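Trainee: Before I rely on any coordinates, could you show me how to read confidence and residue surroundings?

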Amino acid sequence: MAIRRRNDRVNLSPFQKFYLLVAGAVIIGPFVPLLIQSFAFQWDWPNVLPSEWWWSARTRARLPQGWDYVLSPYSRLLEATVNTVAIGLVVMVICLAICLPAARVLAREKFRGKNGFEFFLSLPLIVPESAIGIALLMIFIRLGLAGSYAGIIIAHLIPTIPYMIRMLTAVYQGLGREFEEQAYILGASRWQTLRMVTLPMLMPGVVAGCLFTFLVSTNIFLLTFFLGQGRIITLPTLLFSKISGGTLDASAAGLTLLVSLPGIILLIVSERFIKEEAFGKGFGA
Amino acid sequence: MKCLSRVALIASMSVALMAGIAFADESAGKFQADFLAGKLTWDDVLAQARQDGEIQFYYWGGDDNLNIWIDSVVTPALAAEGVKLVANRITGTKDAVDLVIAEANSGRGIGDGSVDAIWLNGENFYTLNRQKLLFGSFAQAVPNAVNFEWNSEDPRSQLNLRDFGIETNSQEIPWSGEQYVCAVNRALMPTEKTPSTFDGLKAYLEANPGKFTYVKPPHYLGNTFVQEVLYAFNPDGTGSAPFQKSLEELGVDELARIAAPGFEYLKSIEPLLLGGPTGTVRYPEDASAAQGLFRNSETHMYCEFGLYGVATNRATGNYPQTAEEIVFPENAMIKNKNYLAIPANAPNPAAALVFANYMASVDAQASKLETIGYPAGIDPWKLTVEDAARLEAAAPGHFGVTQADLDANIAPDTNASLVDVIEATWLEYIERKSTAPLAEIIATAAKNLNK
């Protein structure tokens, strides 16, 4: 039984503690062998721990192995990280620019075929990515966009726009027209209203939408793979080309760990940000 | 899903394109025509390559060691020629082949594609060749062609002239060689009990049930094991010879006759393979799964392409440190080469030629052998004594056998047109446990192939 204390802290029952422990183990569990593997030179069944560690084999290795490879320029980790983050940021900004006005109309106006249009907007979530990818590839090759950053960014907009629109529509619906009308009555211009009234109130949705868009973009493998033509590498394509042979050797394990870092960092940041900024100040009404 | 998408990709492509591609870039077209007609000197090619400025090379990027070698040795060597090597690491060679086909299909003709060179062999070469998407016969026209045996009267030239039984017409140049070598874990399998024939293997497995398995066909490692079995049990005793013919030449009935004893053997050892004694036999899906079993002492023996595989895999921790090579099966260890091909619509064909020529040099081959243990693609008897000695000195060591032992027991690959039938037969007869007569299964497999 939970007893409320000051500071909203709660004493957990043994069952709740156990439940948390299990949940934690399920989340962290898979990372433990990965971590060990990344530092292993040879890890044989039935040994619980590697029979030889990376650092002891390191001295006789002629070429960089394990972490030496992952952290060397040969692994192309830096290039992939820069590409991933840059593409993610650009996609985020463009996506926001497209979705903000669209969400406003969808949330506030009524027009013929609105339901159908909303369904149409979520189509990219239903149609398999591979189908979109192949069709786009054929078109982009003709347009000369295949293998270019522009091509990948356009492709990333397809699965991100539906999410962003849904989130922004939801916050717009929560934001009544009257706030903006109030501002107009008080003599604010459209731009002033947008900047000083609408946007600040929409902020929680915008931030959440942006973070989500960025996260989705940085995780897209198939579209990047098709349209990047192997020339533009991102963290997902780098990881896939490493593990597609089915090998999870030390360098693959190291790479996997590093590739999951940005997501974890973003999650921690967004958690704090959304908690304080978004849900703290809330929707005004 | 990846597989499905490929099918869709190929299907959408087969609508158009079967008759080669149109000229798109005139100067590239002229360069190609002039080079293939022998009108250009190598200096002309070098000058054009500097003008091209870069080369887009596509290769399977799953091997850390190879990646290091390409970036640290090949890239600077080409930079010295004024060519920037862009080494694109891909997940599977087929991706690059699909890309070439997709681009050609979208009207990207000569000089207008995006792939300059691909590391490939077998089926992928066959696909590009059939669709007439290769640059042309260049392999004998580059200066380092002297490092290869091209005289078809010498049987050793077959590895340069034919790729899985398909004539290459010099449209690809060999750059690495491979041999299917079985490794055993000496901690588990003593020398005196080591098999050297398939019957010996069966006897060993009867004493040690479940201690061996092979990679599951249609993976090429599994196909190769099956092919070696078929060679060994060829009822005429002619080994690999009839398997060099195409399906058309050989005939389905004849194939069924010579392949039947091999398939019977494969069926008979199934209960003795990994998991067999408990009733659920396990064929690993790929090399790394099979290596894991071998490393973990679950199997005593493991077969894979890799002439120096034991040395390399001991160094990377992939094999147990007690792994040794054996000669198995006697006189039927499949050896092949892999190649560099230039697509017809390569945007920088001159640079691609310079790249191919460099990869065929003694410098590159010795460095590759020494650094990453990939066997030489060039032929040592065509080299000067010093160069041949250099190559030999660069080679990683063998464990338990000598190079001469391995050289003395080689056999060629099976013709590409038979590989698909054999693969389909394995799936039907072994995997799906079909009880139909073998001849019928093979006939069905051959018929389905022609559909």
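Trainee: Over which residues of chain B does pLDDT stay under 50?

Mentor: That stretch is residues 1–20 of chain B, for which the model has 20 contacts beyond four places in sequence. This is a predicted model, and helix H1 (residues 2–14) of chain B is where the confidence of that chain is lowest, at a mean of 46, whereas helix H14 (residues 349–359) of chain B has the highest, at 97.

Trainee: What does chain B average in pLDDT?

Mentor: Chain B averages 90, and 94% of its residues score at least 70; for the model, the scores are ipTM 0.81 and pTM 0.85.

Trainee: Where does B:Ala141 lie, and how many other C-beta atoms are within 10 Å of B:Ala141?

Mentor: B:Ala141 belongs to the loop between helix H6 (123–130) and helix H7 (158–161) of chain B, and B:Ala141 is partly exposed because 18 other C-beta atoms lie within 10 Å.

Trainee: How far apart in space are B:Ala141 and B:Pro277?

Mentor: From C-alpha to C-alpha, B:Ala141 and B:Pro277 are 56 Å apart, with a sequence separation of 136 residues, while B:Thr197 and B:Ala241, 44 residues apart in sequence, are 19 Å apart by C-alpha positions.

Methods:
Residues numbered from 1 in each chain as written. Chains lettered and ligands numbered in written order. Predicted model: local features only at pLDDT ≥ 70, side-chain atom pairs only at ≥ 80, totals over all residues. pLDDT = per-residue confidence, 0-100. Helix = DSSP H or I, 4+ residues; strand = E, 2+ residues; numbered from the N terminus. Contact = placed C-beta atoms within 7 Å. Buried ≥ 20, exposed ≤ 12 C-beta atoms within 10 Å, placed from the backbone.
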